[in-house]
Amino acid sequence: GRCDLSGAPRARYDRFSPDLWRVINGIRDHVFPELLLPDFALFWSYALKRNRGGGVAFNGEAFARHYDSKITYGETVAGLSVGRASLLVMERCPCDKVERQCKCFFRNSGVATERVEVPLPRGSVYVMSSDARDQRDRSHAWKHSIVWPSRPEAAPAWNTSGERRSITLRATKPWSEYCLANRVAEGLGPTPGDVAARLRQQRSLRISSDGREKRPNPAALA
């Protein structure tokens, strides 16, 4: 159920097409005004997996459970889902173990994880921010996956391959910090103080010299 994204098409902001900029501006104008301009777009397709009997394969997972690290990317992730309906599943575990020791997500663990399912019809937009992107305690961070519905609707006639196609929009962390710092300097945003707090939160996430993620410094958030 895991997808290899090593060869996935991706683009920098200076290569975004006019149509993609229309999508980005539409999200900022009508869905999430606080979305920072992304500088990274990932394009991917997911084929519906079926078992030998023709049904949807086991749990219908199209994209494995994960989170987009805030060490690499900024505070918000947005996406456009087209081609075929699917489910965005948000999960986090209830245990107190550190992330690498947690086995709550194993199929036979017997642990009921906290789970939220968000339907993604064809042509829908989703935005993950705030609690959905809170990674101050990674063992309790929300992870997300894309899952096929148990009874997936038929794909439209033009989608002969029956795939779900997506565009994921992210602001890399340096670019995100630059945009927030610029807003603070110019007093932009609904409440400039909130923008400054967002910038402090981002700057509190760092990588140490040994390559490991540093936990946020509470003093930096005050």
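Reader: Leaving aside neighbours within four places in sequence, which residues is T168 in contact with?

Author: This is a predicted model, and residues are numbered from 1 along each chain as its sequence is written. Contact means heavy atoms within 4.5 Å. With sequence neighbours within four places set aside, T168 is in contact with F40, A41, L42, V77, A78, G79 and Y126.

Reader: Is T168 buried or exposed?

Author: T168 is part of strand β9, residues 164-172; strands are DSSP runs of E, at least two residues, numbered from the N terminus. Buried means under 20% relative accessible area, exposed over 50%, partly exposed in between, with a 1.4 Å probe on protein chains only. T168 has 9% relative accessibility, so T168 counts as buried.

Reader: Which elements give two or more residues to the lining of the largest cavity?

Author: A cavity is a set of points, on a 1 Å grid over the protein atoms alone, where a 1.4 Å probe fits but cannot get out; lining residues have an atom within 4 Å of a point. Among the residues lining the largest cavity are L35, P38, E75, L169 and S176. The elements giving two or more are β4 (73-82) and β9.

Reader: How do the residues of that lining divide?

Author: Ala, Val, Leu, Ile, Met, Phe, Trp, Tyr, Cys and Pro count as nonpolar, Asp, Glu, Lys and Arg as charged, and the others, Gly among them, as polar. On that basis the lining divides into six nonpolar, three polar and two charged.

Reader: Which residues touch the most other members of the largest nonpolar core?

Author: A nonpolar core joins buried Ala, Val, Leu, Ile, Met, Phe, Trp, Tyr and Cys residues through side-chain atoms within 4.5 Å. The largest has 13 residues. Those touching the most other members are Y46, L88, M90, L120, Y126, M128 and I146.

Reader: Which element has the lowest mean pLDDT?

Author: The chain mean is 75, and 67% of its residues reach 70 or more. Where pLDDT is low, the predicted coordinates should not be read in detail. Strand β7 has the highest mean of the elements, 93. The lowest, 50, belongs to strand β11.

Methods
Predicted model: local features only at pLDDT ≥ 70, side-chain atom pairs only at ≥ 80, totals over all residues. Heavy atoms only, no water. Helix = DSSP H or I, 4+ residues; strand = E, 2+ residues; numbered from the N terminus. 1 Å grid on protein atoms, 1.4 Å probe; cavity = no way out; pocket = protein on both sides within 12 Å on 5 of 7 lines; lining within 4 Å. pLDDT = per-residue confidence, 0-100.
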